[in-house]
Structures are given as C-alpha cells and as structure tokens.
Amino acid sequence: MTEKSAAEIKPPVAVKRAHNATFHGVTLTDEYHWLKDQSYPKIDDKEILDHLKQENAYFEAQMAPQAALTETIFQEMKGRIKEDDSSVPQKDGDYIYWSKFEEGAQYRKHYRKPVAGGADQLILDENELAKGKEYFRLGAAEVSPDGKLLAYAYDDNGSERFDLHFRNLAGGEDPKDVIPGTLSGIVWSSDSKGVVYGLANDNWRTDNAWYHRLGDELTSAKLLYKEQDIGFGVGVGLTAQEDWIVIGTGDNVTSEVRLVPASDPTATPIMVSPRKVGREYSVDVRDGTLYIHTNDDHVNFRIATASLKAPGDWKTLIAGSNKHYLTGVALFRNFYVTEGRIDGLDQVEIRDYADAKKVQPIKFPESSYEAGLGDNPEYDVTKLRLGYESMVTPGTVFDYDLADKKLETLKVQEIPSGYDPAQYVTERVMITARDGTKVPVSVLYKKGFRKDGSQPLHLYAYGAYGYAIPPGFSANRLSMVDRGFAYAIAHIRGGDDLGYQWYLDGKLAKRTNTFNDFVDAAKGLIDLGFTAKGKVTASGGSAGGELMGAVVNQAPELFGAVVSHVAFVDVLNTMLDKDLPLTPGEWPEWGNPITDNAAFDTIRSYSPYDNVAAKAYPPMLWTAGLNDPRVTYWEPAKMVAKLRDMKTDDNVLLLKTNMGAGHGGKSGRFERLRENAEEAAFILWQMGMAETGI
C-alpha cells in the first residue's frame, strides 16, 4: 500500500446518539454511550464490533507505509533479547527451581532438580498450554510443601479469570480437579492436600477466600471468608515460616487482615485488627510475634510488633520518618529486611531482631538506581537474592552475603546485539511545578546529545495508586535513544516516588497535580534545552493513559506525538457506574461522584473524555483490549470518536483494539515486542524521523 492510498482511506466516523443522565442537578449528554455493549461483560453487539474492526482496518492502513520501519525496530528490539535465556536458579526446600526461554519460544518452560543431585525435571511448559490460543498468561503457580504437586492457573483470553489446574510432579496421574474463574494467589495447606484461593465474582471482583481439598467435589469447597463491602477485594498469602495463611481484604486506602493456620485452613480466623478507614497494614509472623507494616500514625509508615495472643496491641519497632519512606518488611530466621526510599532512592536494610538500632544498609554501585529484594523463598538463609538496575545498567541479579557484606553478581541482562553503557548518560533534574513543588525527572540520552532544543524527547509517567516509576533499565528505549531522542521519566505526584504524601498529593481533590506536574515537567525540560515545543512525545497506559488524555486537553501544543494505552479516559461515567467491575473499589482513589457533589465536580473538571474541545490536537495513537476488565474497551473507543468529531487539525488519530486480549495487550514476548515497535514507529513517523533517523 502506498502513502497516498493509505491517506485516501477515510477514518471511521461514529454516529451520535443522545444519551442523557442527571446527577447533582447536572445533565450529562454522552453521544457515544452506545459504544458500551449493554450486555457487558458479554460483547456481541454487531454494530459495536463492526465499528472497532473498521478502526482496526484504518489503523492497519495508516501504519502500512511504516511496515518496514516497524519491522526494523522489532528486529532491533528482538536482537536485544537473549532468546535462550534462563532465570538464576534458586533453592527452595529439596529442589532448585528455574525457568527458561528457548530460542524462538514465546513463553517460558519451568524446571527443577533435586538439591541432592539428579536430572532436570520439566514441571510446566507454558508453550504447550498456549498452543492454538490467541492469548495466554500464566497466573499463580505453586508447588506443594511436600514437593509432589503443582497448582497453576492461567488465563487464555485476557479477561483475568484464571482456571486453576493441578499436576502430579512425582509421577502418576494428574489430579482431575479444575477450579474455574480464580483471581488471586494460591496457597497450599501445610499437609499438601488442599489449596486456598479466591474466585472472581460476576463483577470481576474477588470478595472471597475458599479452601478446596483435592479429590473432593468443587461444591464441597469451604468458604473461609466473604467480604461484604463491594469496594474491598480479598487476597491470600503465606507467612515467612509458612505456618499461617494470610487472608487480607481492603481497598486502596483501608485494609484488614485475618490469619488461619496453614495446618488447618478451615479453623476460625484470627482477626489482627478491625478495619479503620484510611489505615493500611500488612502482617507477617515469626515465632508467634506479628510484624506489622502500617501507616496508622505516620504517613510514611512504621513497623510495629504484636503478640498472636493480643494481635491488635501494636508496639512500635521502627518509627515513621519524614525522610525514610518504609515500603515493606521481610522476615527471615536470623534477621529481617526493610525496604524503602530516601529522596526517591531505593533502600534495602538488614536489621537485627534483638537490637532495632543495629542496621546494615546494602550499598549499591550507582547514585541513581532501582533495587529491591528478589526471589527469596526460604526462611533460613545466609545470602539475600536482590534485583538491581539503572537507566544505563541492565537488569542485574545479586546475592548479598550477610557475613562478608558483599554483593556477588550472578547475572546481568545480556544484550546479544551489543550494548555499551559508557555510550549513554543518565541524570536526574528537578523541575519546579506551577505550585512551587520540585518534581524529579530521570533522563537518559546518548553521548553527544545536544541540549540546544534541536532534538526530540520522549516523556513517560504513570502517576496513580501510589505506584512509583523507578529509574530502571529498558532495552526497548534504545531504539529511540539511538535515533537521537532523550528518554525521560517524570516522577509526578500520584505515585509514591518521594513518599506516601507524594501519592496523597495526586489523588482525589488533588488529582490535577498529577497532570500539571507532567505538563510542567515537559515545559521545564524544554527550558533546560533538552528539547523544544512540539518535539516532546509522550506515552502512558491505564491511569497513565488518563494522564495522556488530560495533558493533550491541557497543553496539546507541547507534543509532537502521543501514545495512550488502554486509557482510563471516561473517568466520570465509569465512576458513576457502580456495576462496573472495579468502580466501587476505585472510589477511595478518585472520589465517589454518585454521593459526593464535590467529587462529581472535580472529576468532571479533568475527565479527559468530558473535556475534549474544538481545538488542534497532536497526532495520537490509542489502544484498547476488547476483554479488558480493568479499563473497558469503550473508554478509548469513545475518546477517539469524540476527538474525531471535535478536533480542528488534520493530524493522524488512530485506535487499535486487541480483539482477543485484555489490559496487558497481546501475550507472548515477541508479540508484545511488536506492539512496542509499532509505538516507536508511530512516534518516529509523526516526528518526521521515519527515514532520516535523527
């Protein structure tokens, strides 16, 4: 297909049908409401499916002239992957476990071998499970305490409903038990005869914990806990000594924990402490003492202890700190580990049970990095497995020897096509946002980059739910950086990059700080000479896709191209629909516009779909997943329909809907790479760099 023939294909135009709803005396008119299939979660409306297929055909036609560029970038990205790659083996009980990709394979194989010696045993082949399927994702997978059985769950359509299966690893017939529709972790009882799990209800929420004994009928499964608050989700886990099963329930700001013996999951649960709105806590247990990570008296959390006999009587072990944000605690036999951040930089500290003041921080080799605990399945260890990377250093696996206090490098991510970190520079700059707040931005570029405004810069952020975006490594970025881009991560409010208050300052009534920080970061980078107005490209997904929608409404002139994945852009309508899977649990994050007039007004003021206007927008690519239960397909579809109708420019506007996938896009490592290559090709095309490179 030629450039001309692609340009002659007209974009689909969605019909308008008035749909009115009134809240707090305000009538909302939504002319594209019809794009939401009224039989959802079943999606079978032919008109809607035909419209999405037309959008996909338009996407394919417009991207066809960039097919060679997309293929070139895909091969570059693929060339940076070690195709026959293995994880670092790790001991767990009587076996050593690892997984590997074989050359050309989309999915992993999982292996083990006895510590005492013996042959490798293939315990699970994802490629076999994925055969003939358009989508495949392995969820939880757990070997039983006696090492004889494997419980594993997978989703084969992107809906995030996982069917739980069992495999006999000791030889003989596999258990026939199949538990459909799980949506949680898997925890074995200590006798290896049953599992604890959660089921997705009709609204894709896990509000339960069940115990199933292998060989019994599913109808005989025992309900361990049922949550009554529709906004709370339930999850299950196991304590460090593997003697207690943790049943946790909560929303984004409030939590509550119960404990049941792993030896008797159907025993009466022990309530640790009843829920209090706004208080979060998590629990681990060591020799009858509870270790609690909580924000009850300090925004940056403290570590407390309690006795199993009086689990609600918490005594401070490590006090909260304005400087040191405590993000978690992990228990081992002879020591415990706290993770956290100081000034946004990851901290891993080894601590003594007998002396709280005895702290052994682990020192890492660079001034800016991402680091944390890795795979540490055993309780009694003399070495800690750690993960480490920076914007210039590929993913690295360390063992930290507690006696020698030294890091041992076990593996560094290999870039087969070649990578020289000395050719790249990373720096951290502070940008002053419009309200005076200093916002950190991590930047990567190749040596020789000119800070005279002549080169493009790609800006990425997420900014929600308290999820930090650390300054880590991505081989995929190199395809743009090697072509002259700087790549920047804006550590905006809404994440917890600089502490929990950083998160609180980007949610609810303060949500617009997130969008303003991103726009101001772009302007600040322009002022510093990293790029110029119109040469900033941007991307984000999910809540980061909401961010993309908000910033193109606020400052479209800054951006040369924007990519928004599975974008949460119809915020007001979604938060007004209590029957959608995630809505009740999202009210603490965004506000409840049904009951709260102020929340209604705030969300309406920034909701990207509600604020599309008759003005010029940058070139944009939007993506969606038909089976996505997190951000429903109609949100990007409605946004694109409204933009097509209202925008005053002739810039390219594309929508790609994965018709057989969900929130994460296509499955398989190479299929995901191809989508990454499409994004990069779209950006290069729109920046006029499809042929020249720089």
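**Figure 1. The hairpin of strand 28 and strand 29.** A hairpin of six residues links strand 28 to strand 29 in this predicted model, for which local features require pLDDT of at least 70, side-chain atom pairs count only at pLDDT 80 or more, and totals for chains, interfaces and linings use all residues. Residues are numbered from 1 along each chain as its sequence is written, and side-chain values use heavy atoms, with hydrogens and water left out. Strand 28 covers residues 383–389 and runs antiparallel to strand 29, to which six bridges join it. Strands are DSSP runs of E with at least two residues, helices are runs of H or I with at least four residues, and both are numbered from the N terminus. Two strands pair if DSSP finds at least two bridges between them. Across this pair, Tyr 388 stands opposite Thr 396 in strand 29.

**Figure 2. Strand 29 and its pairing with strand 30.** Strand 29 spans residues 396–401 and is mostly covered, with five of its six residues buried. Here buried means under 20% relative accessible area, exposed over 50%, and partly exposed in between, with a 1.4 Å probe and protein chains only. Strand 30 (residues 406–412) is antiparallel to strand 29, and six bridges join the two. Tyr 400 stands opposite Leu 407 in strand 30. Four residues lie between the strands in the hairpin of strand 29 and strand 30, where Lys 405 takes a positive phi near 60°.

**Figure 3. The surroundings of Tyr 135.** Tyr 135 is located in the loop between helix 4 (126–130) and strand 7 (137–143). Its relative accessibility is 6%, so Tyr 135 counts as buried. Asp 155 is 20 residues from Tyr 135 in sequence, and their C-alpha atoms are 7.9 Å apart in space.

Figure 4. The protein contains 13 helices and 38 strands. Its radius of gyration is 25 Å, close to the 26 Å that the globule rule gives for 694 residues, so the protein is as compact as a globular protein of that length. This radius is taken over C-alpha atoms, and the rule is 2.2 Å times the number of residues to the power 0.38. The C-alpha trace spans about 70 × 55 × 55 Å along its principal axes. Of the 694 residues, 56% are buried. Among contacts (heavy atoms within 4.5 Å) between residues at least 6 apart in sequence, 55% join residues at least 24 apart.
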